[in-house]
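This report describes a predicted model.

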Amino acid sequence: MPEPILSIRNLSVGFRDTETKEVINVLRDVSIDVPADHILGIVGESGCGKSVTMHTVMGLLPRTAVVTAGQIRYDNRDLLGLNPVQMNEYRGKEIAMIFQEPMTSLNPVYRVGDQIAEMLELHQDISHKDALAEAVRKLELVSIPSPEKVAEQYPHELSGGMRQRVMIAIAMACDPKILIADEPTTALDVTIQAQILALMKALKEKMHSSIILITHDLGVVAEMADEVVVMYAGDVVEKALVVNLFREPSHPYTTGLLKSLPMLHSSDERLYNIVGTVPSPRNFPEACRFAPRCEFVHDRCLVERPRLVRIAPDHEVACWLRVAQGAA
Amino acid sequence: MGRYVARRVLKGVITLLITITLTFLIVRLLPSDPALMMLGEMFTADQRDALIQQFGLDKPLLQQYFIYLGNLFRGDLGMSFFQRRPVMTIIQEKLPWTLLLMVTTQILTMLVGIPLGVYSGYKRGTALDQVVNAVAIFGVSVFVPWLGFTLLYFFGFRLPIFPVGGAYNVATSGFARVLDIGEHMVLPVATLMVIFLANYVLYTRGSVIDVMEEDYIKTARSKGMTERRVLWKHASKNAMIPTVTMAGMMLGQMVGGAVLTETIYAYPGVGRMIYQAVGQQDYPVLQGAFIILALSVITMNIITDIGILYLDPRIKLE
Ligand SMILES: Nc1ncnc2c1ncn2[C@@H]1O[C@H](COP(=O)(O)OP(=O)(O)OP(=O)(O)O)[C@@H](O)[C@H]1O
Ligand SMILES: [Mg+2]
């Protein structure tokens, strides 16, 4: 795999309980590499720490969050060690983010054009007038019809799909190297979803940026991503090129996720479901966090924590079932 | 925009008309002699007959109503029992003082209260926030006459830096007069500010706390701007919408505040006039004051509605 431009190293993040002041750990040794010009999918059920990981990268964690260990390497610097002023040289400019809820992610009291122009004004030496003109071109770039008109409109005058396009226009305004998209299509209609994903992919191809795409939908990953990271309860449990993951899913959690994909079971009436749900961080098990839901659980899983091991080139998994293979 | 304002003004005119009609009916439908109510007992028989003529008090109710409307339209609010002068003249003397006091208070309160609310909401839970909160809650719960007299006692008598009453000193003129008017306003404005500041601070604080949780604040931060800009550009404009709405609804309280403070500081405004007219049972003055107050409240409501229109583009214009 090529040299990564963003490298998350052994990141552990917890949240301080406002009453007991105790830190409840969520992320545990999360390591993720993002090469240039690459689409990385992150999958996992709700509550697995996908957003927390990306919020850490963007410096968007709430005040109650505590980063207990790790590094986020970008541009030969550790983003976690930067002060807010230094961080703002990267945020938006080099690494940009779009969110799940296009309906509420734009500021309702400012015009669309101004919200795009603001991004340019923050990171470039540009007058407000020129930034506004540039904003119209950014709207064109995300295929918004009559961009001059839309630039003058307020968010509430646009549909969800249009608003997400505007969000993409804002995020891509300064040609960032990495776009983090946190479930960018979950809130949208199926047809609109496909359009937004196609737009993101086209922009990525044009600008040679990378995308980190968080999703619940393995179908989306299959279509979009080069590589997948599977997260469960704050752990990275499997990492692989998309082809490898679908051909040879190796963590029981990944297998479960794949089995519950509707398209693989078109003949079955009932969908497969992994038994149980992701526990809340307070109840994360000490050793293998997936153990309570795993059909192959054995003694070792309950006492010793499995680490990621390489089972094939570009394929890593954290499961005791695969250790023999990895060590070999 | 123009149509929205026109519609608000039309609504205001209708509200005013209803108020005027109610005022008319209240006086007429009371079980005492309306002539006596409206004219008082201090007129000579001749004057009385002339006034009955003027107001048509011997005519049927509907006809009286149109005479009354006609009089109002010409700015004739009747004669004060006590002062034997046209109510309109009295109000014209008093209203500018009250407006001066109220507009100054509102502007200062907004200028101080909104930033204070924004900042303490942002710094929720810190020592600064707790101090601001405590002061604001004191303001909400303070007994206004007590506050007024306390200020008067300390800053008017014990440490006489401010005048104890009135609106200006007749011996001054020109720029000295302007300064003098300002000095006379300090204590009444301070008293009124304590009452209203709390509302502005607590409302704004509450909405900033809500707004900071919104997704668009996360978007703003992800753009790479300072927290200062997130707070003052992206959060505060949104947070001000409920505050301005509240300010529009607080106008009734302003009338109460005017009566109390103007009375305490012998300030020659409409509030003190109302207080005196109640004591003197000067119905025409009260009726006039009622109509003028309704008119000011309606006007202020239109102004706040336009303010909100400017703040919140989601308001439907149609
Ligand atoms: N502000 C917070 N305070 C306390 N706990 C939090 C906070 N934010 C997230 N968590 C916890 O961290 C865990 C991971 O949350 P996260 O939002 O990263 O999940 P996710 O994988 O993005 O899920 P989803 O698919 O629902 O977005 C959750 O169990 C959640 O309870
Ligand atoms: Mg999430």
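## Surroundings of ligand 1

In this predicted model, ligand 1 is surrounded by 14 residues, the closest being A:Ser46, A:Gly47, A:Ser51, A:Val52 and A:His216. By class, the shell around ligand 1 comprises six nonpolar, five polar and three charged residues. Helix H1 of chain A, spanning residues 50–58, gives the most to this shell, with three residues.

A polar backbone atom of A:Cys48 is 3.2 Å from an oxygen atom of ligand 1. For A:Lys50, an N or O atom of the side chain is 2.9 Å from an oxygen atom of the ligand. At A:Val52, a polar backbone atom is 2.8 Å from an oxygen atom of ligand 1. Taken alone, the ligand exposes 630 Å², and the protein buries 66% of that area.

## Interface of chain B and chain A

The contact draws 26 residues from chain A and 20 residues from chain B. Between them the two chains bury about 2,200 Å², of which 56% is on carbon and sulfur atoms. On the side of chain B, the residues that lose the most area to chain A are B:Ser222, B:Lys223 and B:Pro313, which together account for 29% of what that side buries.

Three salt bridges are counted between chain B and chain A. B:Lys223, listed above among the residues losing the most area, forms a salt bridge with A:Glu118, with the closest N and O atoms 2.7 Å apart. Helix H9 (215–222) and helix H10 (227–249) of chain B are the elements that give two or more residues to the side touching chain A. That side of chain B has eight charged, six polar and six nonpolar residues.

## Architecture of chain B

Chain B contains 13 helices and zero strands. Read along the sequence, its pattern is accordingly written as α-α-α-α-α-α-α-α-α-α-α-α-α. The C-alpha trace of chain B spans about 80 × 55 × 40 Å along its principal axes.

## Salt bridges

Over all chains, the structure holds 22 salt bridges. One of these is formed within chain A by A:Asp29 and A:Arg305, whose closest N and O atoms are 2.7 Å apart. A:Asp29 lies in strand E2 (residues 23–35) of chain A, whereas A:Arg305 lies in the loop between helix H12 (299–303) and strand E11 (309–312) of chain A, so the pair ties together parts that are 276 residues apart in sequence.

Note on methods
Residues numbered from 1 in each chain as written. Chains lettered and ligands numbered in written order. Predicted model: local features only at pLDDT ≥ 70, side-chain atom pairs only at ≥ 80, totals over all residues. Heavy atoms only, no water. Near = heavy atom within 4 Å. Polar contact = N/O pair within 3.5 Å; in protein donor to acceptor, adjacent residues only side chain to side chain. Areas by Shrake-Rupley, 256 points an atom, 1.4 Å probe, with all protein chains shown as cover. Helix = DSSP H or I, 4+ residues; strand = E, 2+ residues; numbered from the N terminus. Nonpolar A, V, L, I, M, F, W, Y, C, P; charged D, E, K, R; others polar. Contact = heavy atoms within 4.5 Å. Buried area = accessible area lost by both parts, 1.4 Å probe. Salt bridge = Lys/Arg side-chain N within 4 Å of Asp/Glu carboxyl O.
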